[in-house]
Amino acid sequence: MKAAAYDFIIIGAGSAGCVLANRLSADRHVRVLLLEAGGRDTNPLIHMPAGLAGLVFNERINWHYCTEPEPNLFGRKLYWPRGRVLGGSSSINAMCYTRGHARDYDEWAELTSDRWSYRNVLPAFRKAEDQARGANEFHGVGGPLAVEDLRYRNPLSAVFVEAGVEVGIPPNDDFNAAEQTGIGFYQLTQKHGRRCSTAVAYLHPVRSRPNLTVYVHSLVTRILFRAGKAWGVEYVREGSLHVAHAEREVILTAGAVASPQILMLSGVGPVSELERHGIPIVARSDEVGANLQDHLDFCTLFKCTKPITYDFGRARQAGVALRYFVTRSGPGVSNIAEAGAFVRTHLAPDERPDVQLHFVPAQLDDHGRNRLPGHGFTLHACGLRPRSRGRITLRSRAPDARPRIQPCYLSEPHDLQVILEGVRICREIAHARAFAGYRGAEVFPGEGITAPADVERIVRQKAETIYHPAGTCRMGSDASSVVDCRLRVRNVQNLRVVDASVMPRLIGGNTNAPVVMIAEQAAADILGTATVSRAAHEPASS
């Protein structure tokens, strides 16, 4: 089979893949192929921020993963939505722009190299950003990724912030500045009230570059190796098998679930796992798929005594959508999770907050798939630095088979105690004076559920992911890590992984902005080495 030739082949047009496609193809002498298993981001609900509530059901743009039965959650299989569309999960997420704590990156540096310290990653955050508030030491302007304040807020979100301050949480109008601790409104990856996914920010503006090829509905079956070097990619597109040759590098940007799966399908992974599925071994890498971390979340939910929430009926939903598409205003602009907080409990081992809150002025149960009657509001609480570790393994060697996701939530008792503290904080906020005119009956954990054993039981029955899987292709300075400090896969050549899977430890916050930063760092590293020798004196295309 004749292989089309490119300099770089990028597997996955998600949060990292779109960044790399933009940055690498800026050099007109570099040929870039971007492969995406999903389709184009043409669904209008993607671009209307509040449309995210309808995306949870759409299997055309969502992988609809499920975990294996979780032994510490009564054997439940948890639903894991992940983006299967241009922009990846940045096209279906709640758009909260948070970076984590500065100490998170200094901890990475201790485990990897100083290039991942907060001092050295902050410029990449600023380079990516177009901050509506203007530039300062923490924020940049003129970057591809638009970051804005909410243009529409439900009145209950302000009540939540007021209640949090009332119970002693300090106000914070910027979770990404000098201090993360506090309560306030999230900034969002939006531009003029429209979702600013990485596809919108990085990919669409450069789609006309002649040296950038983008194929959608293209499922990668494996990375191809010769003498230990990644030389190409095999993929299925329009029912046919294709091969593409990478003269420089293959870059895997498929995310914390699919990147380890593709590595193992290609023969890079634990020997026992590869042998179990009859996959020829290219390189032993025992930690591929290991070190899986995620933020487990519990929703404390109350009925609301006033009909002011986002619990709309179908007719009202249609009106909200019409208003949005005509005027770009109203509740359709909302990301639903409008306000939040970072709180340090007595369980925190250092200065960093260990619980994050998201406030939703609506009833949210089972990711919104279970619609409850009436009106209500939800306070999410997740533990930010879980000690539990899980694993991604293969279900079969078939590329279209979903991998086995085993998060092993709450396998470390400390994680449960942190979530229980989060529930306590949510209840305290909800019972503050500010909520007195709005608070109805408690739905979850439930009226009268106060005994620690009973609250624990409800947590095990109802806790879910808040969509931040990471760590399955761990970066490190040690020989057992999957990738080195420049994100190059160990024991093979010409192959990198660039996505949330490389995080050695999960950061304390939402993961989209950090993944964009990781991709900016990787692009700068690649362009600073691979492309300089090829016509560096010639101007790059715009």
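1. Ring pairs join Tyr105, Trp108, Trp116, Tyr118 and Phe125 into a cluster, where two rings of Phe, Tyr or Trp (its six-membered ring) pair if their centres lie within 6.5 Å, and the planes count as stacked under 30 degrees apart, as edge-to-face over 60 and as tilted for the rest.

2. The model is predicted, so that local features need pLDDT of at least 70 and side-chain atom pairs count only at pLDDT 80 or more, while totals for chains, interfaces and linings use all residues. Residues are numbered from 1 along each chain as its sequence is written, and side-chain values use heavy atoms, with hydrogens and water left out.

3. The structure holds 15 aromatic pairs. One of them is the stacked pair of Trp63 and Tyr65, with 5.8 Å centre to centre and 5 degrees between the planes. Both Trp63 and Tyr65 are buried, a term for under 20% relative accessible area, with exposed for over 50% and partly exposed in between (1.4 Å probe, protein chains only).

4. Phe175 and Phe342 have ring centres 5.1 Å apart and planes at 70 degrees, so this pair is edge-to-face. The pair links distant parts of the chain, 167 residues apart, with Phe175 in the loop between helix H6 (155–166) and strand S7 (182–185) and Phe342 in strand S17 (residues 339–343). Helices (H or I, at least four residues) and strands (E, at least two) are DSSP runs, numbered from the N terminus. Phe175 counts as buried because its relative accessibility is 5%, and Phe342 is buried with a relative accessible area of 0%.

5. Two charged side chains lie over ring faces, a label given if NZ of Lys or CZ of Arg is within 6 Å of the ring centre and within 35 degrees of the ring normal. Arg226 lies over the face of Trp231, at 3.9 Å from the ring centre, and Lys462 lies over that of Phe444, at 4.4 Å from the ring centre.
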